[in-house]
Amino acid sequence: MHYVDRELNEECAVFGIWGHENAAKLTYYGLHSMQHRGQEGAGICVSDGKHLYDHKGLGLVNDVFNHDILDTINKGKAAIGHVRYSTQGGNSYANVQPLVFRSQKDSLSIAHNGNLVNAHKLKGELEERGSIFQTTSDTEVIAHLIKRDFADNFIESVKHALSVIKGAYALAMLNEHEMIAALDPNGLRPLSLGKLGDAWVIASETCAFDIIGATYVRDVNPGEILIINDDGVRSDFFTTHSEPAICSMEYIYFSRPDSNIQGINVHAARKNLGRKLAQEAPVEADVVTGVPDSSISAAIGYAEATGIPYELGMIKNRYVGRTFIQPSQELREQGVKMKLSPVRAIVEGKRVVMVDDSIVRGTTSRRIVGMLREAGATEVHVRISSPPITHPCFYGIDTSTSSELIASTHSVEDIRKEIGADSLVFLSVDGLQEAIGRNPALKNCGQCMACFTGKYPTEIYPDTVLPHEKELLV
Ligand code: SF4
């Protein structure tokens, strides 16, 4: 483990393009811009109208692809791609996406962002009927469901499969004839449609459009399926029971600040979270600093609202990669700071407000507070731009056991003592909704907040939940 490690990990990104002669290369750039959402594996699948060609591997986009590989697969005008963080199914090559299924009649490639909550149940049913699974990923269940129903009408088969699966899924699918984008009935993960000349583009985050020069067209709606081919884009719905509940953490932490999610810029939303936090929890201090990178926007908002100057109190070392030789326990105990360093000149002798986006286990916060004190901060006041995470996420974020969540077993005062802060305040649930500024007419403003409230937008199946967590579900 790094000296200061990330406690919440993203869960993947999908990208797709239809109608561009450089489809594979543009997919590479799109995936690269969304690398923050998954660093364990990457893949691209291309269609030339007759066959699918794919390349994938473990590691970062740059590790998996080079010029020669991209030239080899740059065979057609349509491609989908994926970056993976393995919340379900483990980190093996077989689970790297897009998953590609070939048969004599047709082929299908699938890239999935999110987690299904009834995958285990469906897999059992499919196996009983003779399906043989090649991977341990829940995404393969979707392909088997489509194939099982695959009559003459492929789109109807897809719609039927999507109506059976439950949970979070933003999907990009590709066969020889069309590209498909689909979003679960709660729209738990972001998925947008863009345009590049005559080509259509889909991406988990709009930052992928910017990098390739595409323009944003609109977001995919919950329960919607887009069928994209040479005739253009056709919209259809696989359910009439949709209820928007996008993951609040996309705004708080996961997405890039330059992305817009359903018309709201992520940086602007985070600044508002910081402003709201300042209203709810002001404190007398000399400087405000944010934990890089995801908390800087909220720290700026907090500073603006309180009039306390924002300063760069911590620096992130950007070159601590996956291949970095981890320090031994002995070196860690000596305080070897690999990822984050305090700026002594800024914090020494100062009362510091340290803004962070979340507390999961509390270990990171304790280390950062300790680091600021070692660098001479006289007081450290911690302000968190989200409510306490008390419940596990079943939709693709790797907090799937509550035992990892300090706020599920500790009071705020106990957490404060645990992390060694002079004061600690979390943003309220109402403050979170207000600050993001989504539609107040929708239930919970159209946001999932289950990890803060325990109110899950989908049914949760018994085999998704560990026995000791059942009592946490409300
Ligand atoms: S439970 Fe939390 S992390 Fe999971 S989708 Fe809902 S808001 Fe996001």
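**View 1. The shell around the ligand comprises 8 nonpolar residues, 1 polar residue and 1 charged residue.** In this classification Ala, Val, Leu, Ile, Met, Phe, Trp, Tyr, Cys and Pro count as nonpolar, Asp, Glu, Lys and Arg as charged, and the others, Gly among them, as polar. The model is predicted: local features need pLDDT of at least 70, side-chain atom pairs count only at pLDDT 80 or more, and totals for chains, interfaces and linings use all residues. Residues are numbered from 1 along each chain as its sequence is written, and side-chain values use heavy atoms, with hydrogens and water left out. The ligand is surrounded by R189, C247, S248, M249, C393, Y395, I397, C448, A450 and C451, a residue being near a molecule if one of its heavy atoms lies within 4 Å of it. At least two shell residues come from each of α8 (248–254) and α16 (450–453); helices (H or I, at least four residues) and strands (E, at least two) are DSSP runs, numbered from the N terminus. C448 has a relative accessible area of 11% and is therefore buried, where buried means under 20% relative accessible area, exposed over 50%, and partly exposed in between (1.4 Å probe, protein chains only).

**View 2. C12 is listed by UniProt, in an unreviewed entry, under "active site".** UniProt positions are given in the numbering used here, feature names are shortened, and annotations may be inferred rather than shown by experiment. C12 is placed in the segment before β1 (13–18). Its relative accessibility is 4%, so C12 counts as buried. Across the whole structure, 0 disulfides are found, a disulfide being a pair of cysteine sulfur atoms within 2.5 Å.

**View 3. The UniProt feature "binding site", from an unreviewed entry, is placed at S294, D356 and D357.** These residues span 64 residues in sequence, yet no two of their C-alpha atoms are more than 8.0 Å apart, so they gather at one spot. S294 belongs to the loop between β17 (287–290) and α10 (296–306), and with 15% relative accessibility S294 counts as buried. The loop between β17 and α10 also holds D293, which is joined to P292 by a cis peptide bond with omega of about -5°.

**View 4. Y28, Y29 and F65 are linked into a cluster by ring pairs.** Rings of Phe, Tyr and Trp (its six-membered ring) pair if their centres lie within 6.5 Å; planes under 30 degrees apart count as stacked, over 60 as edge-to-face and the rest as tilted. The whole structure contains 6 aromatic pairs. One of them joins Y28 and Y29 edge-to-face, at 5.3 Å centre to centre and 70° between the planes. Y28 is buried, with a relative accessible area of 13%, whereas Y29 is partly exposed at 43%.

**View 5. The charged end of K195 sits over the ring of W200, 4.5 Å from its centre.** A charge sits over a ring if NZ of Lys or CZ of Arg is within 6 Å of the ring centre and within 35 degrees of the ring normal. K56 lies over the face of Y93, at 5.6 Å from the ring centre.

**View 6. Phi is positive at Q262, near 50°, in a residue other than glycine.** Q262 occupies the loop between β15 (260–261) and β16 (264–265) and is partly exposed, with a relative accessible area of 28%. C445 likewise has a positive phi, near 55°. The loop between α15 (429–436) and β23 (447–448) contains C445, and C445 is buried, with a relative accessible area of 10%.
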